[in-house]
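Here's a protein model to explore together. Have a look at it first, and then we'll walk through a few spots.

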Amino acid sequence: SIICGFYFPKKLRETFDRFALFTKNKSDKTTWQRDFYYVTQKLTLKKGGKQLILKSPYNTARLKEILEIFPDALFIHIHRDPYTVYNSTVKLFEKVLPILSLHKVDQEHIHDYVMYSYRQMHEKFLKDKKALPESRLVEFGYDEFTRDPIDKLRTVYQRLGISGFEDAKMHIQDELNSFENYQTNKYADITEETRAEINREWAFFFDAYNYPINSA
C-alpha cells in the first residue's frame, strides 16, 4: 500500500512507484490486485451485496489496473484547482508525518514528492481514461460540486445509469445539513518559485481541465 510511505517517508517515491504506478516490479501489480479484490469481497459481504463506493486519491493512477479485475467498474473523478491541491497535500503530510513516520524528512522532500506524484498520477489517468466510454466515467470540478451538490449527484446517477437517486436524496440532504457550517481550510500564499514550478510541471493538467494559470 502507498500508506507504507507515510511510515517511511524517505521511500515515499519508491512506494508510490511500486503501488500506485506499478513500475518497479511486475509482481507488485498482481499482488495489489489480489489484495484489492480480497478487500472488496470482504466489504461486499459485510454490506450485504450492495454496490461499493471506494474513495482513494491514489486510485486515480490505478484506472487500468482496477478495470482488469472489475471490467464493469464505474468511476467518478473530482478534480480541483492545482494550487489548492498542492497546498492541501503539503499540509496533509506536514500534519500526518510527525505522528506516523519513522523517518525525518524536510520540507523540500515533501515538496518534491507532491510535485512528482501529482504529475505521474494524472498523466497516467489521462492516458488510461481514453479506454473508458463516457457512460462509465463522470468528471467534474470540486467547485462545481460545492455550488450545488444535489444537482451534481443527480447528474452522476443519471450519467452512470444508477437508479434510486430520489430514494437517496433525503439521506444526502441530511448529510449536507450536518456540514452546513463547515469551513474549508485556508492556506498561505505559494511562493513565486513554487508557483512557477507548478505552472511548468503541471501545465498539462491546467490545459486538460481549463484551470487558469496564475503567474502572479
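Asn59 touches Trp32, Phe36 and Ile66, leaving out residues up to four places away in sequence; touching, or contact, means heavy atoms within 4.5 Å. You'll find Asn59 in the loop between α3 and α4 (helices are DSSP runs of H or I with at least four residues, numbered from the N terminus). Asn59 counts as buried because its relative accessibility is 14%, and buried means under 20% relative accessible area with a 1.4 Å probe, protein chains only. Its side chain also makes a polar contact of 2.9 Å with the side chain of Arg62 (that's a pair of N or O atoms within 3.5 Å, one able to donate a hydrogen and the other to accept it).

A quick word on the model: it's predicted, so local features need pLDDT of at least 70 and side-chain atom pairs count only at pLDDT 80 or more, while totals for chains, interfaces and linings use all residues. Residues are numbered from 1 along each chain as its sequence is written, and side-chain values use heavy atoms, with hydrogens and water left out.

Now hop to Tyr58. Not counting residues up to four places away in sequence, Tyr58 touches Ile2, Phe16, Ala20, Phe93, Tyr113 and Met121. Tyr58 is also among the residues that touch the most other members of the largest nonpolar core, which has 41 residues. Such a core is a set of buried Ala, Val, Leu, Ile, Met, Phe, Trp, Tyr and Cys residues joined through side-chain atoms within 4.5 Å. The largest share of this core, nine residues, comes from α6.

How values were computed
Buried < 20%, exposed > 50% of the residue type's maximum accessible area, 1.4 Å probe, protein only. Helix = DSSP H or I, 4+ residues; strand = E, 2+ residues; numbered from the N terminus.
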